[in-house]
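Good morning, colleagues. Please take a moment with the sequence and the structure, which I now put on the screen.

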Amino acid sequence: MNSDRLTRTVLFISSLVLLMISAGIVFSLVGGAIPAFKAFGPGFIISNHWNPTSGHESYGALPFIAGTLITSFLALLICLPLAFSTSLFMAEYYRGTRVAGILSSMVDLLAGIPSIVYGLWGFYSLRPLIISLGLNEQGFGVFTSSLILAIMIVPYATSLSTEIIAMVPDELKEAAYSLGATRREVIFNVILPNARSGIIASYILALGRALGETMAVTMLIGNANVIPKGLFSTGNTMASIIANQFGEATGLKLSSLIAIGLLLFAITAIVNSIGKLIISRFSR
Amino acid sequence: MAQIPAISDSTNRRHLKNVILKVSIIILSLITIVPIIFIIYKIVVNGISQINLDFFVKPSPDSLQAMTALANHETIPGGIANGITGTFLIVIVASLLAIPVGIMIGIYLYENPTSRYSGLIRNISEILQGVPSIVLGVIGYMWIVKNVTNGFSALAGSVALAIMMLPMIIKSTEETMKMIPNEIREAAFAMGVPYHKVIIKVLIPSSISGLSTGVLLSVSRILGETAPLMLTALGSSVINLNITKPTNAVPLLIWEFYNDPNMVKLVWSSSLFLLIFVLSLNIISGRLAKKHKTGRKK
Amino acid sequence: MTETQLNINNPILKVRDLSISYEIGKQAVKGINATIESKAITAIMGPSGCGKSTLLRAFNRMHELYPNITTEGSILLHDMDIREMSTINLRRKIGMVFQRPNPFPTMNIYENVLAGYKLNGIKLRRSERDEIVEKSLSDVTLWDEVKDSLFKKGTFLSGGQQQRLCIARAIAFNPDVLLLDEPTSALDPVATAKVEDLLVKLKEEYTVLLVTHNMSQAARISDNSMFMYLGELVEYGKTDIMFTNPKDSRTEGYLTGKFG
């Protein structure tokens with residue numbers, strides 16, 4: 001009996017490890033960010049200075065927050081029709097066929113490609129395309145990054161929504177067909193209303209993924225510490241600025257970067273929680 | 001009864017819309033997979049020329065060597081041995097940290113499925129899974145680089161990656177365990193086997209394929225991670241097996257090559273290597289998962 | 001090959017040499033020939049796997065939803081081959097009610113009744129819609145029970161009420177024929193009785209084809225009965241005659257409970 005108690009305690013302690021890690025993350029980020037917030041106040045979040053000259057140091061997170069949000073939402077927008085079509089392809093039109101299986105495997109492959117490889121491909125293949133289309137001289141910018149991001153989050157957007165769409169009961173679809181509906185009408189009037197929450201949740205989770213993406217975006221966004229003005233202008237994201245400048249940062253700059261990390265953490269945590277909330281409400 | 005309006009026009013229009021939707025769906029689905037074909041093609045075609053035996057055993061060249069080789073129209077010397085060993089080192093240490101803890105937490109959740117505390121743990125685990133890897137790199141820096149190893153180190157990288165692996169292992173452990181028929185568990189207890197033996201000798205062996213799938217999946221996920229390692233392991237030009245020292249890794253090497261105009265050509269071979277490794281693990285764990293799901297129906 | 005064993009004065013549907021296969025070589029329905037009487041209840045009965053549901057679903061071409069099913073032979077509605085109509089038009093004339101009640105869960109009762117119109121993109125004036133809803137629900141004797149909750153989702157209704165809602169949905173479209181696939185097998189006896197009474201009432205306006213595994217139900221309410229066995233139409237006749245004096249030994253075996 002005693003050894004059983006011991007075992008249970010050990011298991012319980014392991015769960016505490018998770019709690020400690022999570023709490024530790026929050027505390028460390030907050031602790032590291034405090035000097036920056038003390039120096040710049042809450043205005044840090046909406047300030048768009050980024051001046052590392054010693055003696056006149058001033059940092060602000062706004063350009064990066066803007067860059068992150070713009071690229072992520074744009075990526076989601078681009079990804080939507082692709083993921084939506086792929087889900088319908090696999091869960092409705094060609095459900096259970098070999099073609100759907102092949103498509104599914106290929107979409108899974110998309111999820112397996114490391115971010116840096118996406119960045120390389122974007123740099124060497126996509127960029128020249130953008131340049132030749134005359135959209136941006138260097139090929140960098142919000143649009144290029146969002147395009148790559150969109151491709152990267154397609155697997156996340158598709159997997160959950162495919163499951164949800166496939167779960168709509170056959171009898172509802174048959175009832176609609178028996179009333180004379182075309183397939184398109186069955187999709188929009190029966191399948192989608194029944195799958196709506198799941199589909200929305202999967203897109204929100206894909207958004208969460210896009211928000212935290214680092215390497216591919218860093219290589220394509222142009223690394224300009226300004227709020228992007230247009231679709232093809234350059235900018236920067238929270239993840240990129242940390243990746244680029246953390247290595248040799250000290251003092252106030254380091255604290256500012258940690259503060260940006262804290263903000264990034266908060267934004268992704270909120271978005272992911274919203275997605276999960278929708279899923280749990282849906283499956284009630 | 002109300003009059004149903006003339007049939008033919010609206011019917012034709014509806015059929016047309018129906019066909020248009022189907023065609024659009026097919027086209028968009030094809031567009032979705034086009035990138036992957038292009039990416040793999042480009043990497044294979046460009047990378048294969050650079051792979052030879054040296055690739056695997058020699059450390060990466062430095063900028064000067066590369067520049068000289070280019071000037072003389074020779075292939076750039078060296079390989080990515082320091083990256084390969086570094087990746088192995090970091091991943092193995094990360095696994096040693098994450099796997100035992102993750103499995104134990106998974107078992108805890110399995111044994112206490114409905115308590116509110118368990119719900120809390122699951123929620124936190126899922127939130128942790130969504131934390132961007134760069135943020136975990138910051139954490140690795142703050143916890144290990146600053147406080148433990150006083151400098152960039154493989155250990156810091158492993159810690160960051162271990163935190164990434166943890167939620168995946170927890171989830172797959174709990175789900176795998178749930179699929180063990182309850183009778184097996186009860187039979188073991190009924191024979192008076194102590195709890196820890198039930199876990200080690202009964203539960204884990206029964207679920208080993210599911211557990212392995214979870215492990216393989218989480219490893220394949222962290223193999224390609226670059227960002228957290230930039231802030232923790234930093235990189236190194238020599239083969240390093242000391243976890244307290246800066247270490248290189250394949251994705252880090254790719255980043256170095258990319259940033260150095262002399263070594264840019266090396267990105268393709270190293271990417272090919274990384275890609276093959278990651279995708280193979282993905283495919284293997286996918287196959288294992290399918291076998292596991294179909295073979296273990298109650 | 002069976003021939004029609006019934007002389008129908010006012011036929012509405014004719015089945016000619018109908019065979020349906022799920023896989024190559026395996027016929028679920030073999031060479032059926034029959035004429036269906038208009039504005040009567042025709043029951044299709046037989047043991048499990050005899051092909052009765054498969055036959056029923058051929059009338060509104062539901063099999064086309066499943067690409068691996070092949071159909072040979074023809075069915076004529078008002079002497080027109082149903083395969084020459086568009087499925088949209090066919091399914092306006094032939095409505096279907098399924099075994100398990102399946103009101104659309106994201107629509108309320110009002111919208112469910114009008115679902116056929118909505119799905120087909122037919123716009124109606126508010127007054128027309130109200131009229132259709134009230135008439136359809138009254139025809140299925142559900143109006144009084146739900147008239148104050150028309151805009152609630154139908155999930156709070158009992159199984160029997162949901163099934164009557166599904167029947168209302170089908171008849172709101174004013175079809176010529178109603179196909180019902182074991183409509184009461186998921187219902188309790190009280191609800192079953194209500195639906196059976198309803199069908200007897202409905203046959204004044206609609207032709208009813210009823211698949212049932214319950215032969216007493218067929219005996220109670222149908223005018224004509226088909227007995228199917230292993231995909232063949234074994235016997236087809238007026239219900240009271242067939243039940244008291246079956247011509248085929250297989251029919252007799254089924255009716256006396258020797259198998260099925």
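How many helices and how many strands are there in chain C? Chain C has 11 helices and 10 strands. Before I go further, let me state that this is a predicted model.

I shall stay with chain C for its overall form. The radius of gyration of chain C is 18 Å, close to the 18 Å that the globule rule gives for 260 residues, so chain C is as compact as a globular protein of that length. Its C-alpha trace spans about 55 × 40 × 35 Å along the principal axes. Of the 260 residues in chain C, 47% count as buried. Consider also the contacts in chain C with a separation of 6 or more: residues 24 or more positions apart account for 70% of them.

Next, the sheet. In what order do the strands of the open sheet in chain C lie? The order is E6-E7-E8-E3-E9-E10, that is, 6 strands with mixed pairing. At the edges are strand E6 (94-97) and strand E10 (232-238) of chain C, each of which pairs on one side only. From one strand to the next, the twist averages 15 degrees.

Strand E9 (residues 224-229) of chain C is joined to E10(C) by 6 bridges, and the two run antiparallel. Within this pair, C:Asn224 stands opposite C:Lys238 in E10(C). Helix H7 (residues 159-171) of chain C packs on the sheet, where it touches E6 and strand E7 (177-181) of chain C. The direction of this helix makes about 170 degrees with that of E6(C).

The loop between E9 and E10 of chain C holds C:Leu230. The phi angle of C:Leu230 is near 50 degrees, a positive value in a residue other than glycine. C:Leu230 is partly exposed, with 14 other C-beta atoms within 10 Å.

B:Asn150 sits in the loop between helix H6 (133-145) and helix H7 (154-178) of chain B. Is B:Asn150 buried or exposed? B:Asn150 is exposed, as 10 other C-beta atoms lie within 10 Å, and the cut-off for that class is 12 or fewer.

Helix H7 of chain B also contains B:Ser158. This serine counts as buried, with 29 C-beta neighbours inside 10 Å. Which residues does B:Ser158 touch, leaving aside those up to four places away in sequence? They are B:Ile90, B:Val93, B:Ala94 and B:Leu97.

I close with the interface between chains A and B. Here, 61 residues of chain A are in contact with 64 residues of chain B. Several helices of chain A each supply at least two residues of the side that touches chain B, including helix H1 (2-40), helix H5 (142-166) and helix H10 (251-282). Which helix gives the most to that side of chain A? It is H1(A), with 16 residues. By residue type, the side of chain A that touches chain B divides into 34 nonpolar, 21 polar and 6 charged residues.

Thank you for your attention.

Notes:
Residues numbered from 1 in each chain as written. Chains lettered and ligands numbered in written order. Predicted model: local features only at pLDDT ≥ 70, side-chain atom pairs only at ≥ 80, totals over all residues. Contact = placed C-beta atoms within 7 Å. Helix = DSSP H or I, 4+ residues; strand = E, 2+ residues; numbered from the N terminus. Nonpolar A, V, L, I, M, F, W, Y, C, P; charged D, E, K, R; others polar. Pairing = 2+ DSSP bridges. Axes fitted to C-alpha atoms, helices over the stretch in contact; angles between N-to-C directions. Rg over C-alpha atoms; globule rule 2.2 N^0.38 Å. Buried ≥ 20, exposed ≤ 12 C-beta atoms within 10 Å, placed from the backbone.
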